[in-house]
Amino acid sequence: MKLFFRLAVCLILVSALLAGCSKPAEPQTPDPSQSTTPTFKIGIMTGTVSQGEDEYRAAEQVKAKYGDRIVHVTYPDNFMQEQETTISLLTGLASDPDVKAIVVCQAVPGTAAAIDKIRETRDDIIFVVVVPHEDVKLMESKADIMFETDNLARGRTIVQLAKELGATHFLHYSFPRHMSMELLAQRRQIMEDTCKELGIEFVFVTAPDPMGPDGIPGAQKFILEDVPRQVAQYGKDICVFSTNCGMQEPLIKAALQEGAIFAEQCCPSPTHGYPNALGLDVGGIAGDMPKILAAIEETIVESGGSGRFATWPVPINMVFLRAGVELAIQAVEGEIQLTDEAAVKAALEAEAGVTMQLSKYSEDGNFWLAVMDSVIFGK
Amino acid sequence: MEARRKFSVKAFIKANGVPIMFFILCGLGVLASGKPIGFLMQEAIGRMARNSFLVLSLVVPIVAGLGLNFAIVLGAMAGQAGLIAVAAAKIRGLMGLFTAILVAFPLALLLGWTAGTIMNKAKGREMIAGMILGFFMNGVYMLVFLFGAGTVLPIKDPAMILPQGYGLRNTVDLQVIKWSLDNLLKVRIGPVSLPLATFAASALLSWGIVKLFSTKLGQDMRAVGQDLRIAEVAGIKVDRTRMIAMLLSTVLGSIGQIIFLQNIGTLNVYDSHGQTATFAIAALLVGGATVTKATVGQALLGTFMFHLLFIVSPYAGQNLLGSAMVGEYFRAFIAYAVIAFSLALHSLQRSRMAVRR
């Protein structure tokens, strides 16, 4: 009887929860200004904010722009273990015959299987895939168009930018764990070679691994203490760079204090490291990149860092997602072909607001690797 | 008789608290999801077809007193090894599927024997032993395919091997055997297509399990499951019986994983097996099975309801709470809370039984 009573209580609680929660959903009525536009819809799948805030906010922005023409779902936080959920969410999007294109950002495992499953019954759906997690070669054969950051090309562009900002030395902080990753090691080599070409001295400093015994605080403390030492040794025209996300904040802070140069974060974005290093509160303007950039610029100019600090104006995955939706809409309407390089470049640059360099992963595929131009603060 | 029937309604609810709870949740979820029933049925049947074999392979060890077989991961790894072999050799269709099962069979036997030996040394702690054994074997599995593939194992296909020349890529395309069983006999009823051959495999296994329990071996398993000592006194070879149960479960698990992955169509080499044990066990629990008691019916019912809830809960969350993200949190909360709830309820029932005894 006790058990029955408990069951009943649970039931009442659940139904109360459901009933109580059902009201806030009501105000999501279609935007009247959108009612005359075509009827097809675009499906978007992103992570939740705990997996990647930029992508989620970008999806919200697109949703605000197109209203009910966008169907937004989120893949599980636990996406490695719940591939079946990813698959059924994507097939769920495709079960609506109005959905003519699906943008997946990031394409977590399960996406390949879902595309196959959807293509079995519907061949009219366009797949835009951003940051494929599954094997690139396999994904390239399934998606209509794919995007990813060109991290190797950044080995050149970061050093070139450092030169532009007046650097005579380039300081690369990393540690063995990162340097044993093929891509990061290759990029370091490219940086070193580019430095030689441009007449910049390349300096490599091994920092403590944030996964090591001292943790992230230990690594951050090292950066705060080491940048003044390096500036004392090599002079102020030294560009600092680190491969680790946790080190960006102390790096920016120390570079600004010591008057060094900071060309780009490991993951370039206005929100990465800058707000915390400068003590900016971006709570009210979350996701609004122009406002965040303006706030950063103001602080940097005030602290005398004009023309020596830079970043990408928008997180690149945000650009990929928003441009992906625009491209999908244009492709469904028959205005462009997704294989048209000029159209792809135009869409990406329209969203980024700066020029972008694109390269193809393989000649016969449609997988684009991109690098964005930077904004230099105070310039 | 009258009195007994009156009692049985209460007892029914008491004994089936978890499935009833889940049934209600599924019902509410279906209503709140706002998705057409055809789509939900198609999804549920698809997931039922690919998962039920795996869930069924857990039944035998429970009856034999080994508890929930977390070591099913070992079977899954053997199955995946079979699939990798078939993908490398490019053996197509049903032939490929059977070859995969054949390759997996000796591996599953070996791993099952290892698991069985360890379980026999760890009586009473089988579940945690199985779980840790799974973690350990995961390391061995990674070693084999990260360093062995392309060096010791003769896999040459550049689409499967990493550019460095050894180690498998993280995704292997199973195009060669994809849907080979599902498409063998597919019947469409309205918006729903039924992969009859896949269901037939599960049905065959269900029948086999039911038959097994009416044989001498099956009865021995039951006896061992009920009380080790009494079984031993009765002259049953306890260790041998438990070993057979483990071997059966591991081999069936490997076949289950092959059926699962031929439906998915791509193999995530390094983590496809990670999800196997937890979800199969959760599905079984949802059907009303316990650590000591499980039937074929519970396995099938549990698979259906568990996966139906996984399908509807993201949509239900999104519809009720108005945000895609909160929908995901809602889904994770409901799905995992219910698993925790079912485990808690079982221990509650068990302690009450113990008190009654």
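Is B:Lys90 buried or exposed, and how many C-beta neighbours does B:Lys90 have inside 10 Å? The model is a predicted one. In it, B:Lys90 has 10 C-beta neighbours inside 10 Å, so B:Lys90 counts as exposed; the cut-off for that class is 12 or fewer. B:Lys90 sits in the loop between helix H5 (72-89) and helix H6 (93-121) of chain B. Its backbone deserves a look. Phi of B:Lys90 is near 55°, a positive value in a residue other than glycine. Most residues other than glycine have a negative phi.

Follow the chain into helix H6 of chain B. B:Leu102 lies in this helix. B:Leu102 is exposed, because 12 other C-beta atoms lie within 10 Å. B:Leu102 and B:Ile255 are 153 residues apart in sequence, and their C-alpha atoms are 9.5 Å apart in space.

B:Gln298 gives another sequence-to-space pairing. The C-alpha atoms of B:Gln298 and B:Leu146 are separated by 38 Å. Along the chain, these two residues are 152 residues apart. B:Gln298 is found in helix H13 of chain B. B:Gln298 is buried, because 24 other C-beta atoms lie within 10 Å; 20 or more are needed for that class. Which residues does B:Gln298 touch, not counting residues up to four places away in sequence? They are B:Leu284, B:Gly287, B:Gly288 and B:Ala289.

Now turn to helix H8 of chain B, residues 196-212. Start with its length. At 1.5 Å a residue, the 17 residues of H8(B) should span 24 Å. The end C-alpha atoms are 24 Å apart, which agrees. Next, its faces. B:Thr198, B:Ala201, B:Ser202, B:Leu205 and B:Ile209 are buried in H8(B). Seen down the helix axis, the buried residues fall within an arc of 90°, so they line one face of the helix. On the other side of H8(B), B:Leu204, B:Trp207 and B:Lys211 are exposed. What do the buried residues of H8(B) pack against? Their partners in chain B are H3, helix H4 (59-63), strand S3 (192-195), helix H11 (238-264) and H13.

Helix H2 of chain B passes the same kind of length check. At 1.5 Å a residue, the 17 residues of H2(B) should span 24 Å, and the end C-alpha atoms are 24 Å apart, which agrees. The buried residues of H2(B) include B:Met21, B:Phe22, B:Leu25 and B:Leu28. B:Gly17, B:Gly29 and B:Ser33 are also among them. After H2(B) comes B:Gly34, whose phi is positive, near 70°.

Look at its pairings. Three bridges join strand S4 (residues 126-132) of chain A to S5(A), and these strands run parallel. A:Val130 stands opposite A:Phe147 in S5(A). Four bridges join S5(A) to strand S11 (residues 367-372) of chain A, again in parallel. Here A:Thr149 stands opposite A:Ala370 in S11(A). S4(A), helix H5 (residues 136-142) of chain A and S5(A) make a right-handed β-α-β unit.

A:Val131 is in strand S4 of chain A. Its phi is near 50°, a positive value in a residue other than glycine. A:Val131 is partly exposed, because 19 other C-beta atoms lie within 10 Å. The other feature is a peptide bond. A cis peptide bond joins A:Cys105 and A:Gln106, with omega about 0°. A:Gln106 lies in strand S3 (residues 99-107) of chain A. Most peptide bonds are trans.

Key. Residues numbered from 1 in each chain as written. Chains lettered and ligands numbered in written order. Predicted model: local features only at pLDDT ≥ 70, side-chain atom pairs only at ≥ 80, totals over all residues. Helix = DSSP H or I, 4+ residues; strand = E, 2+ residues; numbered from the N terminus. Expected span 1.5 Å × (residues − 1). Arc of directions from axis to C-beta. Contact = placed C-beta atoms within 7 Å. Pairing = 2+ DSSP bridges. Right-handed = clockwise from strand over helix to strand, strands pointing away.
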